[in-house]
Amino acid sequence: MSNVYIKTKIRSGHYAMEYLRKIRKKRVMVVCDKFLSESGAINYITDALDSSNAVAIFDQAIPDPTIEVVAKGLGMICKVHPDIVIGFGGGSAIDTAKGIIYFAGVKELVAKPTFITIPTTSGTGSEVTSAAVITDSETKSKHLIASDDILADVAILDPRLTLSVPPSVTANTGMDVLTHAIEAYVAAESNVFSDALSEKSVELLMKSLLTCYQDGKNLEARTIMHEASTLAGMAFNTAGLGVNHSIAHQLGGTFHIPHGLANAILLRHVIDYNCVNHDIMCKYATLAYKVQLVGINEPPEVAVRALKTMIETLMHCMHMPSSISALDITREAYEQQWQNMINNALMDNCIRTTPREIGTAGIKDILSRIY
């Protein structure tokens with residue numbers, strides 16, 4: 001049986017922001033980070049909103065949003081009682097908005113607002129997912145909130161907002177998209193619908209990511225990449241993810257490695273782990289056939305090798321570190337955190353849909369291989 005639930009209305013393209021002009025006489029709370037509020041990028045939102053609206057801005061979102069930041073946002077939402085909450089920014093800002101909405105709902109602090117997401121990076125897919133990742137700064141672990149209550153009502157995909165994203169962030173967020181699509185493709189709850197979304201996401205990414213990295217102002221490439229990100233988000237929201245994300249969450253929470261980079265470093269090694277199971281290897285191979293990395297007559301082993309080569313080539317062309325040691329993290333400091341990261345990875349919600357069962361020894365082996 002295949003289950004798909006798509007709630008979010010998606011508005012994509014140069015005129016997607018026009019949707020905001022229809023909003024009148026509402027209390028609006030915008031969640032973003034300091035950079036967006038102080039650089040003037042927030043004007044994309046405020047200029048589009050009619051003056052009859054009362055707008056409050058919560059600009060304390062940070063990378064790897066913490067419980068403390070969400071708590072501050074709860075204070076504002078209780079003061080504003082917004083009719084609409086807009087999550088504006090990268091995945092961290094949107095996840096912050098989701099965390100605020102989620103806990104406000106659990107505690108019945110305010111009436112449920114309409115939720116609008118406006119991503120400024122092509123990466124997390126958070127604009128269309130029912131999940132948010134919040135960091136516990138004390139334990140250095142990341143926790144997943146999963147609830148249909150935090151699915152956006154409307155996602156606005158305006159590629160103009162991504163034109164100023166620097167190359168390194170384009171690379172990291174782009175590889176996050178690729179990881180979402182590949183992990184969802186082999187996830188335990190994948191189905192024909194999520195597979196189609198993953199395949200199209202990878203196809204679009206292969207057309208556009210390097211162009212976005214090399215020519216950030218290329219609006220056509222940015223548009224394609226923005227849509228690839230959302231497709232991948234829809235895919236993993238249906239199918240789930242796996243151990244790649246479970247470990248990446250811990251690398252980010254412990255060593256503050258950007259999430260997309262952590263995923264990219266792990267991806268080939270997780271594929272190797274999963275491919276011990278022949279059926280899973282054949283599923284990876286099917287993806288390679290579908291996006292024409294190899295001909296359909298090539299053996300599955302060759303197809304998987306081509307998939308891994310594509311990952312390696314993208315990382316090389318975008319000058320991405322391929323190991324933890326390349327990030328100036330000592331082996332001693334790294335190994336000291338292994339047990340904590342393993343324990344937290346095994347409790348991470350993404351591991352629930354990983355295709356091949358894994359335990360302490362398997363995660364430890366992957367952590368060793370990526371150093």
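**Exercise 1.** Find which side-chain atom reaches a backbone nitrogen at the start of H7.

Solution. Take the start of H7, a helix being a DSSP run of H or I with at least four residues, numbered from the N terminus. There, a side-chain oxygen of Asn 218 comes to within 3.2 Å of the backbone nitrogen of Glu 220. The model is predicted, so local features need pLDDT of at least 70 and side-chain atom pairs pLDDT 80 or more, while totals for chains, interfaces and linings use all residues. Side-chain values use heavy atoms, without hydrogens and water, and residues are numbered from 1 along each chain as its sequence is written.

**Exercise 2.** Compare the span of H7 with the expected one, then state how many of its residues are buried.

Solution. H7 covers residues 219–239, 21 residues. The expected span is 1.5 Å times one less than the number of residues. From first to last C-alpha H7 reaches 30 Å, close to the 30 Å expected. Just after H7, Gly 240 has a positive phi of about 90°.

**Exercise 3.** Give the strand order of the open sheet and identify its edges.

Solution. Strands are DSSP runs of E with at least two residues, and two strands pair if DSSP finds at least two bridges between them. The order of the six strands is E1-E8-E5-E4-E2-E3, with parallel pairing. E1 (9–12) and E3 (54–61) are the edge strands, each pairing on one side only. Inside the sheet, E5 (residues 114–119) pairs with E8 (residues 154–157) over two bridges; Ile 116 has Val 154 in E8 as its bridge partner.

Note on methods: Buried means under 20% relative accessible area, exposed over 50%, partly exposed in between (1.4 Å probe, protein chains only). A polar contact is a pair of N or O atoms within 3.5 Å; within protein, one must be able to donate a hydrogen and the other to accept it, and residues adjacent in sequence count only if both atoms are side-chain atoms.
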